[in-house]
Amino acid sequence: MKDLVRKHVLNIKPYIAGKPIEETKRQLGLTKVIKLASNENPFGTSPKAVSAMKKALSAVNRYPDPQGYYLKKRLARHFKLEPENFVLGNGSDELIDLLIKTLVEPDENIITSEGTFLEYEIVASSHDRKVKKAALRYFKYDLETMLKLVDKKTKLIFISNPNNPTGTYLTKYEVAQFLNAVPQRVLVVLDEAYDTFIDVDDFPDSVSYLKRRKNVVILKTFSKAYGLAGLRLGYLIADAELVHFMERVRQPFNVNILAQAGGLAAMEDNKFLKKTRRLTIQGKNFIYKELSSMGLGFLPSETNFVLIDVARDGMDVFRAMLKFGVIVRDMNAYGLKNFIRVSIGTQKENERFVRVLRKVLKEKS
Ligand SMILES: Cc1ncc(COP(=O)(O)O)c(C=O)c1O
């Protein structure tokens, strides 16, 4: 069979997702397992979205609206743009794929960073496209080095802002300076999956850049603060001409009926969004305090997760915590060997995480 597979596919590194709760229960014979590994919303889903999806269930014998008319219209109103500026995706993961498919020729390359969201590189390699990466600098994207990597064949630059898995962010000054220096023919993708959790004043208003220059693309998702990860819904904001061509490449029914209904209703539920934000920031402060009292290093985060320096093999810590029914993320695949990443949970989950981490580190010291 291997002989039949396209050569570049043999070299694709598989994406290792956060370990699912059910799988952990099954494999370890546990009954109580918590997952703090995929930066999901631990506070559930907007009740308005749930009720809209229940209603939409009776229509699933039909195909979804291939244009996502109402959701695009609602998004356009939210951002003061036109529906023609939006592409909807089966999660923003699909939109990363669609961007590369639409834009990057076989001899062209993509630039991103080390220690960032792994999908940029995985999707690029699934299309046999070359990826150039700059190392992180003080756990942040090194824009200066990334700029030096730009050559005549560079088509796309992927930036996760704030960055997964470090939780660090680029300021509006840094992003503006970078955009001014990047050639207009290179598209800069600002992936803002965690924008709802930002609690600083100098985060970039990326949509305002898009209004001034055509080479900016923004990615957003309903998977995090909106609590709809299992539904798979993300969107891309870009110049209308680029959207037009991406729409040609997109599968016609990529966003299902429940996702369109749920996303639309979730956008009307500010109460849920605000509660998620408030409890996440509270939970993060609790975890910071506990980590400090354990003497552990961590990075202040503008997201719903924290990267922790456990000062020993992170994989060992991940495995040991798993035995106590707490799923975190080891950072081996990100080149951060002595780290784990924990998503902020409910207060009860955060307390259990801290208890188990203390126990595990004591056993391992
Ligand atoms: C930076 C970043 N971008 C995109 C995604 C993918 O989101 P979606 O669930 O919309 O595919 C994630 C998910 O973890 C992420 O961390």
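Colleague: Where is Asn-39 found?
Modeller: Asn-39 is in the loop between β1 (34-35) and α3. Helices here are DSSP runs of H or I with at least four residues, strands are E runs of at least two, and both are numbered from the N terminus. This is a predicted model, where local features need pLDDT of at least 70, side-chain atom pairs count only at pLDDT 80 or more, and totals for chains, interfaces and linings use all residues. Residues are numbered from 1 along each chain as its sequence is written, and side-chain values use heavy atoms, with hydrogens and water left out.

Colleague: OK, and what's the phi of Asn-39?
Modeller: The phi is positive, about 55°, although Asn-39 is not a glycine.

Colleague: Why does Asn-39 count as buried?
Modeller: Because its relative accessible area is 1%. Buried means under 20% relative accessible area, exposed over 50%, and partly exposed in between (1.4 Å probe, protein chains only).

Colleague: What about phi at Lys-80?
Modeller: Lys-80 has a positive phi near 55°, and it is a residue other than glycine. Lys-80 sits in the loop between α4 (69-79) and β2 (86-89).

Colleague: Is Lys-80 buried or exposed?
Modeller: Exposed, because the relative accessible area of Lys-80 is 69%.

Colleague: Switching to peptide bonds. Which form does the bond from Asn-161 to Pro-162 take, cis or trans?
Modeller: That bond is cis, with omega near -5°. You'll find Pro-162 in the loop between β5 (154-160) and α8 (172-181). Pro-165 lies in the loop between β5 and α8 too, and the bond from Asn-164 to Pro-165 is cis, with omega near 20°.

Colleague: Now the rings. How many aromatic pairs does the structure hold?
Modeller: There are 14 aromatic pairs. Rings of Phe, Tyr and Trp (its six-membered ring) pair if their centres lie within 6.5 Å; planes under 30 degrees apart count as stacked, over 60 as edge-to-face and the rest as tilted. One of the pairs is Phe-79 with Phe-86, which is tilted, at 6.1 Å centre to centre and 35° between the planes. Phe-79 and Phe-86 are both buried.

Colleague: Give me another pair. What does Tyr-288 do with Phe-298?
Modeller: Tyr-288 and Phe-298 are stacked, with centres 4.9 Å apart and 15° between the planes. This pair links distant parts of the chain, 10 residues apart: Tyr-288 is in helix α12 and Phe-298 in strand β9 (residues 297-298). Tyr-288 counts as buried because its relative accessibility is 16%, whereas Phe-298 is partly exposed at 24%.

Colleague: On to charges. How many salt bridges are there?
Modeller: The count comes to 19. A salt bridge is a side-chain nitrogen of Lys or Arg within 4 Å of a carboxyl oxygen of Asp or Glu. Among them is Lys-220 with Glu-192, where the closest N and O atoms are 2.9 Å apart. Lys-220 is in strand β7 (residues 216-221) and Glu-192 in the loop between β6 (187-191) and α9 (206-212), so the pair ties together parts that are 28 residues apart in sequence.

Colleague: Are those two ends buried or exposed?
Modeller: Buried: Lys-220 has 9% relative accessibility, and Glu-192 has a relative accessible area of 2%.

Colleague: What does Arg-277 form with Asp-199?
Modeller: A salt bridge, with the closest N and O atoms 3.3 Å apart. Arg-277 lies in helix α12 and Asp-199 in the loop between β6 and α9, so this pair ties together parts that are 78 residues apart in sequence. Here Arg-277 is partly exposed at 26% relative accessibility, and Asp-199 is partly exposed at 47%.

Colleague: What about Lys-337 and Asp-313?
Modeller: Their side chains meet in a salt bridge too, at 4.0 Å from N to O. Salt bridges that share partners also join Lys-72, Glu-247 and Arg-250 into one network.
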